[in-house]
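Here are my notes after going through the model you sent over.

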Amino acid sequence: MNEQAAAVSITGVSKTFDTGVTALTGIDLDVQPREFVSLIGPSGCGKSTLLRIIGDLIEPSSGSVEVNGKSAHQARLDHDYGIVFQDAVLYDWRTISKNISLPLELLKWSRDRRSARVKELLDLVELEGFEDNHPWQLSGGMQQRVSIARALSFEPSLLLMDEPFGALDEMTRERLNLELLRIWEASGSTIVFVTHSIPEAVFLSTRVVVMSARPGRIGGIVDVDLSYPRTGRTREDPHFFELVTEVRERLAAGGADVLLAEEAPS
Amino acid sequence: MLGMASIAVERPRETRVEIAARGAKRVLLVLVGIAVFWGLWEGYRWIGERAGITWPFAVNEINMPHIHEMLRALTKPLQPGGPALIQLEWHWALFTAKEAVVGFALGGVIGFGLAVLLSQSKILRRGLLPYIVISQTVPILAVAPMVVVGLGSKGVEPWLSVAVIAAYLTFFPVAVNTLRGLLSPDPRQLELMRSYAAGKWWVLWKLRLPASLPFLFSALKIAATASVIGAIIGETPASIQDGLGGAIVNFNQYYSTGPENLWATNIVCAVVGLVFFAAVVITEHLVLRRAPEHVA
């Protein structure tokens with residue numbers, strides 16, 4: 001693998017579905033190794049579609065995607081990325097350990113190696129003691145952490161996350177945001193993160209990619225120059241609010257239906 | 001940092017006393033159910049005879065023998081000096097059960113195999129499913145003699161032909177339900193497998209098969225009773241005298257002089273069906289350990 005290669009390199013990607021709907025047009029984006037890039041935009045802007053194209057789960061109509069300097073297809077075959085969906089997508093018939101080690105079974109890891117790795121991951125996502133439980137015995141937030149542990153299990157260099165905390169309540173979400181940053185720093189991976197929450201995007205990311213809809217395109221990129229490690233205090237930093245406002249305004253400029261300060265009822 | 005450990009819902013472990021109490025409650029419920037049925041039967045007979053009910057059928061000794069007489073018939077010999085009816089029933093039941101077990105296994109394997117095959121291709125589903133459905137619209141009474149005569153001419157023993165008929169009734173629910181189970185994983189679960197670059201067999205083995213198990217077991221419950229019915233019906237055209245089907249035909253001919261014998265045989269048939277059903281339920285409990293709401 002080329003050390004200099006971008007983690008993700010998207011060139012001129014467009015996607016038109018069989019239904020004739022154009023989901024994406026003219027997307028160019030590079031994500032450097034160890035970056036945390038969020039894709040944000042109104043529904044219908046194609047952010048989840050873009051994530052799936054990066055993961056080679058769907059194919060672009062035109063343009064190309066490279067992951068770690070190879071085609072997205074080859075990267076998928078090489079297990080270069082792990083993916084986390086909005087739902088945890090755990091298998092009910094498997095215990096928590098067995099859910100986490102599912103990809104490791106495919107990679108033919110030995111039983112001992114698998115259980116050692118699962119132990120590490122349970123420690124990482126702070127679910128020690130739940131290895132023999134079944135998914136339905138865990139809360140939504142805990143299930144999502146299992147899903148993250150599973151995605152990280154085979155140490156992919158790239159983590160694709162599709163609104164992973166979208167279904168969780170605000171408090172759980174903020175707690176998992178903190179935890180995700182800790183995991184990101186500990187694992188040294190690159191993260192592409194789809195969200196529809198502006199504060200979440202700003203809080204987590206090194207860069208926020210603002211997308212607009214119909215057809216989906218990149219409306220602007222906001223560099224988030226808040227220092228790490230970010231904590232609960234970061235959310236109270238005046239600069240955090242400035243960046244949130246900047247993202248909101250860019251969303252509005254792209255035609256998104258967001259409430260701007262001057263329009264707010266007094 | 002999170003302190004979320006307490007959020008997990010642990011199902012409290014039952015004590016031995018609680019398990020015993022639950023078991024006793026179940027047994028009691030079954031007994032109450034039998035008592036209620038018994039009461040309704042005898043009550044209807046009692047009222048019907050006095051009120052002279054003739055619709056939908058005349059209530060009398062022949063149409064509605066007393067339940068205690070059915071049970072007593074089991075203890076009496078059919079011919080003077082012969083063995084008690086229950087002993088004969090036991091041998092008939094074993095014979096029919098043998099046909100049903102073989103039919104159940106055969107039908108189960110064929111149905112499961114078909115489901116796996118069909119799950120792999122939409123074209124196969126489009127092409128084959130209609131014929132599988134049509135196979136079940138043909139009356140079993142029409143198929144049974146053909147099977148018995150056809151296989152018999154190839155030197156297959158009659159009881160095995162009957163097992164094939166039982167399999168004919170069994171494979172269908174297994175195929176249809178298992179197929180539904182194999183196709184039940186949602187798009188996310190399949191996308192996850194795709195993200196791992198998992199091959200078809202791996203998806204089948206790690207995702208589709210486990211996801212289909214609850215569906216398979218619902219099908220096996222239907223198949224369990226269907227295989228017993230298939231075996232009983234299959235014996236009729238095969239003129240097999242050694243099973244419950246043969247006994248039913250026989251007692252039917254002497255119904256007006258001894259209706260309780262036929263009824264007693266019906267009870268034995270029901271018991272065989274229940275035993276089959278229970279065997280599947282117990283197996284299901286041993287195999288599936290999952291959320292209560294996921295047990296089909």
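1. Let me start with a loop in chain A: V89(A) sits between β6 (81-84) and α3 (96-100). Keep in mind that this is a predicted model. The backbone at V89(A) has a positive phi of about 50°, even though the residue is not a glycine. V89(A) is also buried, because its relative accessible area is 10% and the cut-off for buried is under 20%.

2. E155(A) shows a positive phi too, near 50°, and again the residue is something other than glycine. You'll find E155(A) in the loop between α6 and β7 (158-162) of chain A. Is E155(A) buried or exposed? With a relative accessibility of 58%, E155(A) counts as exposed.

3. While you're looking at chain A backbone, check two cis peptide bonds. One joins R214(A) to P215(A), with omega at about -10°, and P215(A) belongs to the loop between β9 (207-212) and β10 (217-223). Another joins Y228(A) to P229(A), with omega at about -5°. P229(A) is in the loop between β10 and α9 (238-253).

4. In soluble globular proteins, nonpolar side chains tend to be buried together. Here the largest nonpolar core has 47 residues, and V202(A) and V247(A) are the members that touch the most others. Helix α6 (residues 140-152) of chain A supplies the largest share of this core, six residues. There is also a second, separate core of 45 residues, which includes I83(A), V89(A), L158(A) and A198(B). So V89(A) from point 1 turns up again, because it is buried at 10% relative accessible area and is listed in that second core.

5. What does V202(A) touch, leaving out residues up to four places away in sequence? The contacts are V208(A), V224(A), L226(A), R230(A), F240(A), L243(A), V244(A) and V247(A).

6. On to the charges. Side chains of opposite charge can pair when their charged atoms come close. Over all chains, the search turns up 20 salt bridges. One of them pairs K206(B) with E105(A), at 2.6 Å from N to O. This pair crosses between chains: K206(B) is in helix α8 (residues 200-235) of chain B, and E105(A) is in helix α4 (residues 102-106) of chain A. Both K206(B) and E105(A) are buried.

7. Within chain A, have a look at R173(A) and E200(A), a salt bridge whose closest N and O atoms are 3.6 Å apart. R173(A) is in helix α7 (residues 170-187) and E200(A) in helix α8 (residues 198-204), so the pair ties together parts that are 27 residues apart in sequence. R173(A) is buried, with 9% relative accessible area, and E200(A) counts as buried at 3%.

8. In chain B, R45(B) makes a salt bridge with E49(B), the closest N and O atoms being 3.1 Å apart. Both residues lie in helix α1 (residues 16-51), four residues apart, or about one turn of the helix. R45(B) is buried at 2% relative accessible area, whereas E49(B) counts as partly exposed at 38%. Elsewhere, salt bridges with shared partners join R52(A), D162(A), R188(B) and E191(B) into one network.

9. E61(B) is in the loop between α1 and α2 (67-75) of chain B and counts as partly exposed at 36% relative accessibility. Setting aside neighbours within four places in sequence, E61(B) contacts R45(B), E49(B), E69(B) and P259(B). By contrast, E61(B) and V174(B) are 41 Å apart, C-alpha to C-alpha, and 113 residues apart in sequence.

10. Last point, a helix pair in chain B. How do α3 (residues 85-119) and α4 (residues 122-137) cross? Their axes come within 9 Å, at an angle of roughly 150°. The two helices are therefore roughly antiparallel. L114(B), L117(B), L118(B) and S119(B) from α3(B) meet L124(B), R125(B), L128(B), L129(B) and I132(B) from α4(B). Sorted by class, that contact has seven nonpolar, one polar and one charged residues.

Key:
Residues are numbered from 1 along each chain as its sequence is written. Chains are lettered from A and ligands numbered from 1 in the order in which they are written. This is a predicted model: local features need pLDDT of at least 70, side-chain atom pairs count only at pLDDT 80 or more; totals for chains, interfaces and linings use all residues. Side-chain values use heavy atoms; hydrogens and water are left out. A nonpolar core is a set of buried Ala, Val, Leu, Ile, Met, Phe, Trp, Tyr and Cys residues joined through side-chain atoms within 4.5 Å. Buried means under 20% relative accessible area, exposed over 50%, partly exposed in between (1.4 Å probe, protein chains only). Contact means heavy atoms within 4.5 Å. A salt bridge is a side-chain nitrogen of Lys or Arg within 4 Å of a carboxyl oxygen of Asp or Glu. Axes are lines fitted to C-alpha atoms, for helices over the stretch in contact, and angles run from 0 to 180 degrees between N-to-C directions. Angles under 35 degrees count as roughly parallel, over 145 as roughly antiparallel, 65 to 115 as roughly perpendicular and the rest as oblique. Ala, Val, Leu, Ile, Met, Phe, Trp, Tyr, Cys and Pro count as nonpolar, Asp, Glu, Lys and Arg as charged, and the others, Gly among them, as polar.
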